[in-house]
Amino acid sequence: MSSLLTESDLAHEDDVVWLEDPDTLDYVRQTLDKTRRRNTKPPYLRDGRMVGYARLSQDAEPDPDSGLYKRRIFFLLPHDRDSLPDGLYQNGAPGEAVDPRTVEPTKPGSKTPRSQHGPAMQASA
């Protein structure tokens, strides 16, 4: 799952916790992970680093089959623009990338000129 998340996917979000200042990031990748708990920091089991996560409300129920909660995780990979500004994503962004300034509980993030092209391109757009 990616930036194509819908509000129904996020209906039980209560809060978004940022582990890094979202104002310093052009974009973050977002995905839904299944976790055991609804509001503690989830485990992070992929390359790169977690930069934020959603906490769920008390009325969120786990998946009846797995017993796990679906939670939104925000992350960056080692080859993303924040680490390699002249790299692959100097222009453009991964499909699951959104501008962290547009992220709110229960609302999917959005793509913006900054997330797609960086702050220099946004200033001239």
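1. The structure, a predicted model, holds three aromatic pairs, where rings of Phe, Tyr and Trp (its six-membered ring) pair if their centres lie within 6.5 Å, and where planes under 30 degrees apart count as stacked, over 60 as edge-to-face and the rest as tilted. One of these pairs is formed by Trp 18 and Phe 74, whose ring centres are 5.0 Å apart and whose planes meet at 35 degrees, so the pair is tilted. It links distant parts of the chain, since Trp 18 belongs to strand β1 (residues 13–18) and Phe 74 to strand β4 (residues 69–76), 56 residues apart. Trp 18 is partly exposed, with a relative accessible area of 24%, whereas Phe 74 counts as buried at 0%; buried means under 20% relative accessible area, exposed over 50%, and partly exposed in between (1.4 Å probe, protein chains only).

2. The rings of Tyr 27 and Tyr 89 have their centres 6.3 Å apart and their planes at 80 degrees, so this pair is edge-to-face. Tyr 27 lies in the loop between β1 and β2 (28–35) and Tyr 89 in the loop between β4 and β5 (97–98), so the pair ties together parts that are 62 residues apart in sequence. Both members are buried, Tyr 27 with a relative accessible area of 3% and Tyr 89 with 16%.

3. On the numbering and the limits of the model, residues are numbered from 1 along each chain as its sequence is written. Because this is a predicted model, local features need pLDDT of at least 70 and side-chain atom pairs count only at pLDDT 80 or more, while totals for chains, interfaces and linings use all residues, and side-chain values use heavy atoms, with hydrogens and water left out.

4. Leu 25, leaving aside its neighbours within four places in sequence, is in contact (heavy atoms within 4.5 Å) with Glu 20, Arg 49, Val 51, Leu 76, Asp 82, Pro 100, Arg 101 and Arg 114.

5. Arg 46 lies over the face of Phe 75, at 4.5 Å from the ring centre; a charge sits over a ring if NZ of Lys or CZ of Arg is within 6 Å of the ring centre and within 35 degrees of the ring normal.

6. The chain has two helices and five strands, and from the N terminus on its elements run β-β-β-β-β-α-α; helices (H or I, at least four residues) and strands (E, at least two) are DSSP runs, numbered from the N terminus. Buried residues make up 45% of the 125 residues, and among contacts between residues at least 6 apart in sequence, 71% join residues at least 24 apart. Along its principal axes the C-alpha trace spans about 45 × 25 × 20 Å.

7. Most residues other than glycine have a negative phi. Thr 106 is placed in the loop between β5 and α1 (113–117) and, at 23% relative accessibility, counts as partly exposed.
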